[in-house]
Amino acid sequence: MILVKRVSVLIVCLMLPVLLMAQKVTLVKPESHTFYLNTLNSAKDSSYNDIIRLYDVYLEKNPSDYLVQIEKCKVIDQAYYDNYEEYNPKYEEFDACLHSLVVKFPSEPEVLLFKADHTYGDSAKLFLENVIEQYDKDQSRWKGKGIWKIYEQLARYYDDDEGTATAIRYAEMAKTENDTLDLSLFLAQQYKKQKLNSIAIAVLSAGIDSTGAAYELNQKGKLLLELGAPDKALEAFQIARRDTANWIDSGNLAQALIENGLASEAREYLVKEAESTWSHPKSLQKLLDYDMRFGNADSAKAVYTRMVNENFWYDALGVNRLKLFWYAPTQGWSISDVAHILLLLVLFLVIFILPYLWILPIYNIGLFLKNRKGLILPESDFRWGLRHFWMLSFLWLTWDLIAELIFNYNDWISVYTSNQSADVGELISKVEADTSLFFMTGMLIITCFFVKKSDLSIFWGGTWASGESIGRGIGAAFLLKFAAGLLMGFFKIFDFASIDFAPLLSVNDSIISINKYYHPMIGALFVVILVPIYEEVIFRGVILSAIEKHFKFVWANIFQATLFALLHMELKFIPFYILFGFLAGYLRSRSQSLLPGIVMHIVNNFMAFLSILWLGNRLNM
C-alpha cells in the first residue's frame, strides 16, 4: 500500500504541468486542499507553485467559485505551516488570500465561517457579532451551513468572569441550531462561575452520556465532584473507564467511589494515581489520607516513608507526620521526621518574632514624639497597650497558620513542590466552610482572653446613653450602606469590577459555604453577632487603644482602619473598609464605648447576610 501511495503521489506531481497546459483547452477544476497537501509531503518546493497556479488558472475563468478559492487559501495556510513553531512562513500570502476572499464574497456563509476560524482576539468578537447580524437579516442563506459554529465561537470568546451570562446565551443558541452539539461541560462551568451550582449539576447530569470521549467525561466527573454531586460524578467516571485506550482520572474516580460508600474499591485507583509521574505529591498525600482513614498503620507508614523519601519537602512542616502519629502512635520516628517537626517549630518562632516589626516602630516613634516634640496625649478609658497588641498579633497569626495547616496544608505543599496546579481556594466548598468556622471560633475565644470583668463597662457605658449609642450605630450603618452604593456606582462607571451585590462583607464566600453545608442559623450567629463583637474589641478596643497611647487619635484611628481594611483581603473594597473602620473608631472616641461600633457592625453585617442568604437561595434553585 505504501508503494502504491508513493507512486500515486509521483504521478500527481508529474501530471501537474500537464494539467496546467490542458487547461488551455479544457478547464480542470482543482482538487481539495487535502489532496494537494498530501502531494507536498514528498515534493513541496517543486510542486507548491504549480498547485497555486492550477487554482489561479481555474479561478480566472471561474471567479465566482468561492469554494475553490477557500481551498486555495487552505493550501497556502497549511503547506508550509510549522506545527512545532506554530508559524506559517506564508502568512502574508494567506492573509492576502483571505482578505481577497472576504472582499469578493462578504455575505457567503462558507466564506464567513472560514474567516471566523482565522480571526482572533477582540476583533474576532466584533467580526462574529457582525456575522450574527447578517444571519438575523437573511437566515435563509445559512440553512444547513452551520451558524451554530459562530454561536459556539462567540460563547467561548465570552468565557470569562465579565461575560459569563453572554457566554451562556450564545452557547444555548448554538445548541438550538445544532441539537447534537454537546456543550454541557462548557455551560456547567459558566453556571458555576455564576454560583448557580444546582443548575450546573442539572446541565452536566443531562449530558453525561452525550460523549464517549474519556477526557471530557473525566472533566465532567471532576466538576460534578466540585459541585457536590458524587453519585453523578461516579457515573461519568464509570463511563470514561470503558474507553481503555485513554487516560482515566484515577484520583477523582477514587474520591467519587469513597463519597458513594465504595471506599474498598478506591485504593487501587489512588495507587494508580500515585504511580503516575505528573500528580506528585498530591496523589501520595491522598493515598496517605486514605490509609489513615480506611487502611492500617503499616500501609500508612509505608506510604508516608515513600513520600518523604522521594522529596523531603512533600511534608515540609511535618503536618502529615503528626497526623500519622495521632493515627498510629507506635510507629517509629526517623531523623527526617524530627527535622520536619523542627521546621514547624522554627515557623512558629518566626511568627513569635514577626509582630515586633510593627510594635517596635510604633513604640519608638511615639517615644520620639513625646520626648523630642513634646507630644501630650490624653488619658484613655481603655487599658490595652502595645503589650496586648503584640500578643494579639501573635495569636492571630498563629491561629491563622493553624487553620491553614489543618485544612489547606496538602494543597499548598502541592503548589510549591509540583508543576501541577493544586485545587487551592475553591470559593464555595466544605473546606471553606470548615476553615471559616474554625478560624472565627478561635478568634472569638482569643478575644475573650483580652476582656476582663472590669472591661465589661466599655460595652454599654461611656458618655452616651445606651439608647443614643444604639441609635447612632444604626444611623452610621445606613450611612455606610449609602457609601457602599456610591462605591459600586463608581466601579460600574469606570468598569473597575463586576459587582454581584453590595460589598458589605468580606467573608461572603465563606458564609455562602457555611449556609450551604451547615444550617444558615450558624452563619447568622457568627457573621451577624459574634464576628462584629470580637472585631470591634480587637480593632477599636485593643489595637486603637494601644496605638493612641503613642500617637494622636486621628493617626491611631487611620492606622487601625487601614489595618482593618487590609486584613479583610478585598483590595477593590479597601476604601469602603477604611471608611468603615475609621467611622467605628470615631464613634468609639466620641462615646468612649464600643457599643455604637458594635451596633453599626451588626446592622451592616445583617444587611450583608440577607444578601448572601438570597444568593444562597439562588444556588439551590
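## Basis of the model

The model is predicted, so that local features need pLDDT of at least 70 and side-chain atom pairs count only at pLDDT 80 or more, while totals for chains, interfaces and linings use all residues. Residues are numbered from 1 along each chain as its sequence is written, and side-chain values use heavy atoms, with hydrogens and water left out.

## The chain as a whole

The chain has 28 helices and zero strands, where helices (H or I, at least four residues) and strands (E, at least two) are DSSP runs numbered from the N terminus. Of the 621 residues in the chain, 48% are buried; buried means under 20% relative accessible area, exposed means over 50%, and partly exposed lies in between, with a 1.4 Å probe and protein chains only.

Contact is taken as heavy atoms within 4.5 Å. Among contacts in the chain between residues at least 6 apart in sequence, 67% join residues at least 24 apart.

Helix α14 (residues 267-275) and helix α15 have axes that come within 8 Å and cross at roughly 155 degrees; axes are lines fitted to C-alpha atoms, for helices over the stretch in contact, and angles run from 0 to 180 degrees between N-to-C directions. This crossing makes α14 roughly antiparallel to α15, given that angles under 35 degrees count as roughly parallel, over 145 as roughly antiparallel, 65 to 115 as roughly perpendicular and the rest as oblique. The crossing of α14 with α15 is left-handed, a term used if the near helix is turned anticlockwise from the far one by less than a right angle, with right-handed used if clockwise. On the α14 side the contact is made by Arg-267, Leu-270, Val-271, Glu-273 and Ala-274, and on the α15 side by Ser-283, Leu-284, Lys-286, Leu-287, Tyr-290 and Asp-291. These residues divide into six nonpolar, one polar and four charged, where Ala, Val, Leu, Ile, Met, Phe, Trp, Tyr, Cys and Pro count as nonpolar, Asp, Glu, Lys and Arg as charged, and the others, Gly among them, as polar.

The axes of α15 (residues 282-294) and α16 (residues 297-310) also come within 8 Å, crossing at roughly 160 degrees. That makes α15 roughly antiparallel to α16, and their crossing is left-handed. From α15 the contact draws on Leu-284, Gln-285, Leu-287, Leu-288, Asp-291 and Met-292, and from α16 on Ser-299, Ala-300, Val-303, Tyr-304, Arg-306, Met-307 and Glu-310. Eight of the residues in this contact of α15 with α16 are nonpolar, two are polar and three are charged.

## Helix α9

Helix α9 (residues 184-193) is largely enclosed by the rest of the structure, because seven of its ten residues are buried. The buried residues are Ser-184, Leu-185, Phe-186, Leu-187, Ala-188, Gln-190 and Tyr-191, and they pack against α7 (147-157), α8 (164-177), α10 (197-206) and α11 (214-226). After α9 comes Lys-195, whose phi is positive, near 65 degrees.

Helix α27 (residues 574-591) has 18 residues and reaches 26 Å from its first C-alpha to its last, close to the 26 Å expected at 1.5 Å a residue, the expected span being 1.5 Å times one less than the number of residues. Its buried residues include Ile-574, Phe-576, Tyr-577, Phe-580, Leu-583 and Arg-588.

Gln-592 is placed in the loop between α27 and α28 (595-619), and its phi is near 55 degrees, a positive value in a residue other than glycine.

## Three individual residues

Leaving aside neighbours within four places in sequence, Asp-434 is in contact with Phe-407 and Tyr-518. Gln-69 lies in helix α3 (residues 66-78) and is buried, with a relative accessible area of 6%. With neighbours within four places in sequence left aside, Gln-69 is in contact with Leu-59, Cys-97, Ser-100, Leu-101, Lys-104 and Phe-105.

Pro-106 is found in the loop between α4 (91-104) and α5 (109-116), and at 44% relative accessibility Pro-106 counts as partly exposed. Leaving aside neighbours within four places in sequence, Pro-106 is in contact with Leu-112 and Gln-134. The C-alpha atoms of Pro-106 and Val-131, 25 residues apart along the chain, are separated by 9.8 Å.
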